[in-house]
Amino acid sequence: MTVNLTKGQAISLQKNDGGSLSAVRMGLGWQAAPRRGLFGSRTREIDLDASAVLFAGKEPVDVVFFRHLVSDDGSVRHTGDNLVGGVGQGGDDEAILVDLQRVPVHIDQIVFTVNSFTGQTFQEVQNAFCRLVDETNGQELARYTLAGGGDYTAQVMAKVHRVANGWSMTALGVPANGRTFQDLMPAIWPHL
């Protein structure tokens, strides 16, 4: 059963039987919003990019994005860059896989961001979401709908962070501006 998250809401990544999830996928999906023009409606291709920044405390120690597809330790992997979105027809256009059991013990938070590499604002995006999926069985665990229509080029979507005996996910949904994950660091730090 999927939990539809609201901004700031957290869910535990413990299984119902008390075990912990071993591998999750953070999926990102989107479509270009149609725009009215002189000759009818048109859509422009939108290039959104998903990134995962790995933190030890408040220090970024690694990042996974379209130019660095696998974390240095191999625990986090990006499936590849999608330059247009919408090809998943409601599915994931970009995804980042996290092997929770392989994440080094000093990594306590993984923050997921989305940004428009081409600088288009979210006013030009529709049906955007991020979702967390149990990679072992394909079950969607949580979904967060990214608020569209904003005059910003990025969002700090969510974070997966260590708790006493496992992991938890928190939906952040923080609007920001920037074309790369580096541009988003000032928006990320208050949420660590």
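1. A nonpolar core is taken here as a set of buried Ala, Val, Leu, Ile, Met, Phe, Trp, Tyr and Cys residues joined through side-chain atoms within 4.5 Å. In this predicted model, the largest such core holds 38 residues, of which L13, V98, I110, F112 and M169 touch the most other members. Among the elements that give two or more residues to this core are β6 (48–56), β9 (94–99) and β10 (109–116), while β3 gives the most, with five residues.

2. L13 deserves a look of its own: leaving aside residues up to four places away in sequence, L13 touches S20, L21, L100, L132, V160, W167, S168 and M169. A second, separate core of 15 residues includes F55, A176, A187 and I188.

3. Five salt bridges are found in the whole structure. In one of them, E135 and R25 meet at 2.7 Å, N to O, and this pair links distant parts of the chain, with E135 in the loop between β11 and β12 and R25 in strand β3, 110 residues apart. R25 counts as buried because its relative accessibility is 16%, under the 20% limit, whereas E135, at 32%, is partly exposed.

4. E140 forms salt bridges with R131, at 2.8 Å between the closest N and O atoms, and with R143, at 2.9 Å. Both E140 and R131 are buried. R25, D92, R131, E135, E140 and R143 are linked in a network of salt bridges.

Conventions
Residues numbered from 1 in each chain as written. Predicted model: local features only at pLDDT ≥ 70, side-chain atom pairs only at ≥ 80, totals over all residues. Heavy atoms only, no water. Buried < 20%, exposed > 50% of the residue type's maximum accessible area, 1.4 Å probe, protein only. Helix = DSSP H or I, 4+ residues; strand = E, 2+ residues; numbered from the N terminus. Contact = heavy atoms within 4.5 Å. Salt bridge = Lys/Arg side-chain N within 4 Å of Asp/Glu carboxyl O.
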